[in-house]
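Hi there,

Here is the structure I promised to pass on. Have a look at it first, and my notes follow below.

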Amino acid sequence: MATTPSPPPSATTMRAVQYDGYGGGAEGLKHVEVPIPSPKKGEVLIKMEAASINPIDWKIQKGMLRPFLPWKFPSIPACDLAGEVAAVGGGVRGFELGNKVIAINFPSGGGFAEYAVAQASLTVERPPEVSAAEGACLPLAAVTALQALRAAGAGLDDAPPPKNVLVTAASGGVGHFAVQLARLGGHRVTATCGARNLALVAGELGADEALDYATPDGAALRSPSGRRYDAVVHCAPHLPWQVFDRVLAEGDTGGVVVDITPSPAALATALLHRVTFSKKRLTPFMFSPSKADMELLVAMARQGKLKPAVDSCHPLSDAPAAWARSMGGHATGKVVVKIGEEE
């Protein structure tokens, strides 16, 4: 039975951080007092406890998606949400006030605020074993890792034999989840990262082999054991196709590179592979928000099988520092902003 709409919180305004136009980076973020949003039909209002930052958030601010995704201003960023249900819109089923939840509001965002709205269809309950900060890391980055591995043929349920999997930028937001999920799927994992994170990637995350991307072997993606890769989840900046071609599996199946942030050159390569039916091929990643995937990942986090790596936590009052940390490109795992009592 559908839940009847809930009354809004007693307050009418909230603290938030927003930007008013393209560009500006961390200095472009402003602290404001704005009206609390009202959940529409099919939406939940979340009293925020934590939000995590993804590169897509500041790429939108930079205007990098402007040709494909015109933006409305002012904009409150952060699409990964964690908190508790404060109100529900008409037609919402399965949620009660006070339920701890995580949600994704992609690409609209709204997480840098005391309250945010999300579709109930993209909101899942968060168990007590998963903190708000950990839960906020999951919706975009972990789902991207899960879906990218599936697209590469190395998902959790893919038929044996195990695949040789390469994950680049393996200590980053998507990469650190991809390493763990590939190992949970029973695959053999080689990973690249910076020298300071080799112990994390090979130890806590469980990669079989870890390469420093700054070394000749790391730059060439060469497996220390000579493996050729059946599947690659490429989370790093653009590399020429020749670099992948030299290390991919041969034979009837070839190897698949899933590029999570494809450049124009990568898109052209993918098109060429498609029209020529190449066995070795590059596939641009297409993110698809999924409640079922979020529920699966939350369950794995609750069981301790999947461990979000939190690089740093910042209060909402210091959101620009969190933004700058993410933009710097050297965060280990996810950068989180805590809100309300979590601050």
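At roughly what angle do the axes of helix 1 and helix 10 cross? Before the answer, a word on conventions. This is a predicted model, in which local features need pLDDT of at least 70 and side-chain atom pairs count only at pLDDT 80 or more, while totals for chains, interfaces and linings use all residues. Residues are numbered from 1 along each chain as its sequence is written, and side-chain values use heavy atoms, with hydrogens and water left out. Helices (H or I, at least four residues) and strands (E, at least two) are DSSP runs, numbered from the N terminus.

Now the helix pair. Helix 1 (residues 55-62) and helix 10 (residues 319-327) have axes that cross at roughly 95° and come within 10 Å; axes are lines fitted to C-alpha atoms, for helices over the stretch in contact, and angles run from 0 to 180 degrees between N-to-C directions. The two helices are therefore roughly perpendicular to each other (65 to 115 degrees; under 35 counts as roughly parallel, over 145 as roughly antiparallel, and the rest as oblique). Helix 1 brings Asp57, Trp58, Gln61 and Lys62 to the contact, where they meet Trp323, Ser326 and Met327 of helix 10; contact means heavy atoms within 4.5 Å.

After helix 10 comes Gly329, with a positive phi near 80°.

Six strands form it with parallel pairing, in the order 10-9-8-11-12-13; two strands pair if DSSP finds at least two bridges between them. Strand 10 (209-212) and strand 13 (281-284) stand at the edges with a single partner strand each, so one side of each is left without a neighbour in the sheet. On average, neighbouring strands here are turned by 20° against each other, direction ignored. Helix 3 (residues 138-151) packs on this sheet, touching strand 8, strand 11 (231-234) and strand 12 (256-259), and its direction makes about 155° with that of strand 12. Helix 8 (residues 264-276) lies across strand 12 and strand 13, at about 125° to strand 13. Within the sheet, strand 8 (residues 164-167) and strand 9 (residues 188-193) run parallel and are joined by four bridges, with Val165 partnered by Val189.

Strand 5 (residues 100-104) is also worth a look: four of its five residues are buried.

Last, a loop residue. Ala309 sits between helix 9 (291-302) and strand 14, and at 16% relative accessibility Ala309 counts as buried. Leaving aside neighbours within four places in sequence, Ala309 is in contact with His176, Thr332, Gly333 and Lys334.

Best wishes

Notes:
Buried means under 20% relative accessible area, exposed over 50%, partly exposed in between (1.4 Å probe, protein chains only).
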